[in-house]
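Trainee: Please take me through one part of this structure in close detail. I would like to follow a sheet and then the pockets.

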Amino acid sequence: MSSTGGLGSIPEMLLTRRGFLYGAAAVGAAAVVGVGAYAATGGFASRPDLLALEVREDQVFTTEQCEYIDDAASVLTAQQTIALPYGSMVWATDPDVAACLLPTANGSPLTQVGLIALGNGSVRTVLDAAVDTAEGYEIYDARATTAGLIWTEADILDGNWRVYQAAFTGETLGQPVLVHEGGPDWEMPTLTAAGEYAFWQVLPVVDGAAAKEDSLMMCTRFGAVADDARTLYTSHGRMACSPSPTTSGIAFAPRAETSDTRYQLTHVDAATGEVTDALVLPASMKPIYVAYGPTGFSFSFDGIYDYGDGIANLGTYTPTIAPTYDLAAARTEARANATDEKGQLSDRAAETADAQAAHSVAELYCAADWFRFPRTPVTPPCWYGDWFVVKSTSAVAGINLRDRRYFTLEVENGAPDYGEFLASYGTAQNLVTYTNIDYTPINGDPINECRVKVWA
């Protein structure tokens, strides 16, 4: 195949292996742009010859094959240490700020939303109470970037929820915009935020009246009117886990369009709505976390499978380097090569090209060397410079996948059993951790706080 756009050629072996050159298996989704056979439903066509991720055991290494760095301070130092009320929760999805859910000492509101400036460690409250406090709603969850805030409010007694977003103008939070609401037949949406965009994932309750309804990945730009909210992706079946932010959009795990139960690791560009990368896991393997960064997809299992070879064990997985092509690049080249001499591309040819592209990307993931962090996953991972950072049993660990070296951050005295939590998501420019401490040192004053650290 000839190369296009300076990307280089997809090896012919990747496009013909396993006899996959079929015509009507449209792959992925470009929910908003609607190219060729793509539609908002997305997903792989239901075919028995769909290539799922296959990794041999000898392609995977763990921290047991890595050198341990005894002195973590030689790698990272805490640039900011911030005290929040005990019981606070923190999420850093932006290079410059982190959202925090702050418990109050009052019966109402139960929580408020704060914003941490990661550069200087200052904290300010940006949402004092739920918009619908008068109707019995309380703030339930929140995420933020420098562009805006997305949050959920819950009426626990009736099982109702609402999703709001608002843009920041300087340090002021703008007018809240209600973008979605639901009742007890729908789970409380999970949130994330990246750049100028807010995301929320909506799933039906398993045994509720809406159990057979589709799952939705929703998106809006901060500060946009309610009607601008859009469906990025529709999954015919429950998505596997919460979404994670990326530098250009969002990573999540919808159901693949197969006759058996498979999950498709998916990355969507927020601005275009295009699926730029996708990878299907083996049948019945369900990730509890998914992320997307400099090495491509990462996923986590909290159980052990009796099949799957190199990815059968529990832990967090990622390739050591990203595949040469993502789905968007492979699809562009495959379609260019399927265009006839008159510059025409039939629907059939486009579908075949898209299937070729998806298969070639899956082959690249299958051929890669993989790392597994061999501990039960507690949070999604993040990428920080040369380090792939994960939450260990009680600490936070960073692994240099190229040099095969790793460190763990020391856990504070008085921290609970779960120790230090990783607050950073996706590709981090500031590494943020936190722990809640309830501790009285010998001959010292009691410590009762959430301690946040920003590392460099």
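Mentor: Cys382 stands opposite Gly426, a residue of strand 30. This is a predicted model, and the positions I describe are those of the prediction. The strand facing strand 30 here is strand 25, residues 382-384, and the two pair in the parallel sense over two bridges. As a general point, strands of a sheet pair through backbone hydrogen bonds, and the sense can be parallel or antiparallel.

The largest pocket holds about 470 Å³ of space. It is lined by 26 residues, and those closest to its centre are Trp91, Arg143, Ser242, Tyr289 and Tyr425. Strand 4 (89-91), strand 8 (138-144), strand 13 (190-194) and strand 29 (421-422) are the elements that each give two or more residues to this lining. By class, the lining of the largest pocket comprises 19 nonpolar, five polar and two charged residues.

The second largest pocket has a volume of about 310 Å³. Its lining has 20 residues, and Thr93, Pro95, Thr246, Thr247 and Thr427 are the closest to the centre. The lining of the second largest pocket divides into eight nonpolar, 10 polar and two charged residues.

Notes. Residues numbered from 1 in each chain as written. Predicted model: local features only at pLDDT ≥ 70, side-chain atom pairs only at ≥ 80, totals over all residues. Heavy atoms only, no water. Pairing = 2+ DSSP bridges. Helix = DSSP H or I, 4+ residues; strand = E, 2+ residues; numbered from the N terminus. 1 Å grid on protein atoms, 1.4 Å probe; cavity = no way out; pocket = protein on both sides within 12 Å on 5 of 7 lines; lining within 4 Å. Points joined across faces, edges and corners; volume = space filled by probe spheres on them. Nonpolar A, V, L, I, M, F, W, Y, C, P; charged D, E, K, R; others polar.
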